[in-house]
Amino acid sequence: MITSIILLNVVRTRINEIAEELAEMQEVSEVYSVTGNYDLVAIVRVAQNDDLARLVTEQLVKIDGIEKTDTMLAFKAYSRHDLEAMFAI
């Protein structure tokens, strides 16, 4: 399983609509509206890199109102549970 984080700049008047459209995609597990340099953050989980490439280059480009994306691949996940176990005596 490949996890990626996609940071999105979108037309401000369409933030909610675009977030809902992204959330309906099978590959997208979560969508957050955020503060800062980006408007939305999408967490994507796919089986292969080709699936991610298709999502970004074929599906996201068709969504009217997405102005820019930055895609990051996750190497390893750390959860609060994992950190507590590491430091437990």
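These legends describe close-up views of a predicted model.

**View 1. Strand β3 and its cover.** Strand β3 spans residues 40-46. The strand is mostly covered. Six of its seven residues are buried.

**View 2. Strand β1 beside β3.** Strand β1 covers residues 2-10. β1 and β3 pair in the antiparallel sense. Seven bridges join the two strands. At one of these positions, Ser4 has Val44 of β3 as its bridge partner.

**View 3. Strand β2 beside β3.** Strand β2 runs over residues 28-33. Its pairing with β3 is antiparallel, with five bridges. Val28 stands opposite Val44 in β3.

**View 4. The hairpin of β2 and β3.** Six residues lie between the two strands of this hairpin. Gly36 belongs to the hairpin and takes a positive phi, near 105°.

View 5. Asn9 is found in strand β1. Is Asn9 buried or exposed? Asn9 counts as buried because its relative accessibility is 15%, and the cut-off for buried is under 20%.

**View 6. Asn9 and Asp70.** These two residues are 61 residues apart along the chain.

How values were computed
Residues numbered from 1 in each chain as written. Predicted model: local features only at pLDDT ≥ 70, side-chain atom pairs only at ≥ 80, totals over all residues. Heavy atoms only, no water. Buried < 20%, exposed > 50% of the residue type's maximum accessible area, 1.4 Å probe, protein only. Helix = DSSP H or I, 4+ residues; strand = E, 2+ residues; numbered from the N terminus. Pairing = 2+ DSSP bridges.
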